[in-house]
Amino acid sequence: MHKVAWAVRVAEAVRGRMSALARRVRRAPRDAGMVTSEYAVGIIAAVAFAAVLYKVVTSGQVQTELQDIVQRALDGGA
């Protein structure tokens with residue numbers, strides 16, 4: 001009987017904490033996502049990264065290495 005009463009008290013305490021947490025979550029301000037300026041900064045950063053990556057990949061040394069890798073793959077890995 002004592003264990004049952006203890007389990008009921010624990011269940012009530014957990015239920016009370018969960019409902020308090022749910023109330024706090026419902027009252028929390030909603031974040032609607034990024035604003036236009038954040039999108040603009042993100043796009044600029046992505047374009048800058050793409051430009052740097054393009055420059056690296058199209059450089060002579062990297063092109064030579066990539067061609068060597070492809071040639072070895074086509075030759076059967078030898």
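Visitor: Why is R23 called partly exposed?
Guide: Its relative accessible area is 42%. Buried means under 20%, exposed over 50%, and partly exposed in between (1.4 Å probe, protein chains only). R23 falls in between, so it is partly exposed.

Visitor: What kind of model is this?
Guide: It is a predicted model, where local features need pLDDT of at least 70, side-chain atom pairs count only at pLDDT 80 or more, and totals for chains, interfaces and linings use all residues. Residues are numbered from 1 along each chain as its sequence is written, and side-chain values use heavy atoms, without hydrogens and water.

Visitor: Which element holds R23?
Guide: R23 lies in helix 1, residues 2-27. Helices are DSSP runs of H or I with at least four residues, strands are runs of E with at least two, and both are numbered from the N terminus. The protein chain has three helices and zero strands.

Visitor: Why is L53 partly exposed?
Guide: Its relative accessibility is 45%, so L53 counts as partly exposed. L53 sits in helix 2.

Visitor: Which residues form the nonpolar patch on the surface?
Guide: F49, V52, L53, V56, V57, L66 and I69 form the patch, with about 630 Å² of accessible area together. Helix 2 (36-57) and helix 3 (60-74) each give two or more residues. The largest share, five residues, comes from helix 2.

Visitor: How is such a patch defined?
Guide: Patch residues have over 30% relative accessible area and no salt bridge; nonpolar side chains (Val, Leu, Ile, Met, Phe, Trp, Tyr) are joined within 5 Å, like charges within 9 Å. A salt bridge puts a side-chain nitrogen of Lys or Arg within 4 Å of a carboxyl oxygen of Asp or Glu.

Terms used. Areas by Shrake-Rupley, 256 points an atom, 1.4 Å probe, with all protein chains shown as cover.
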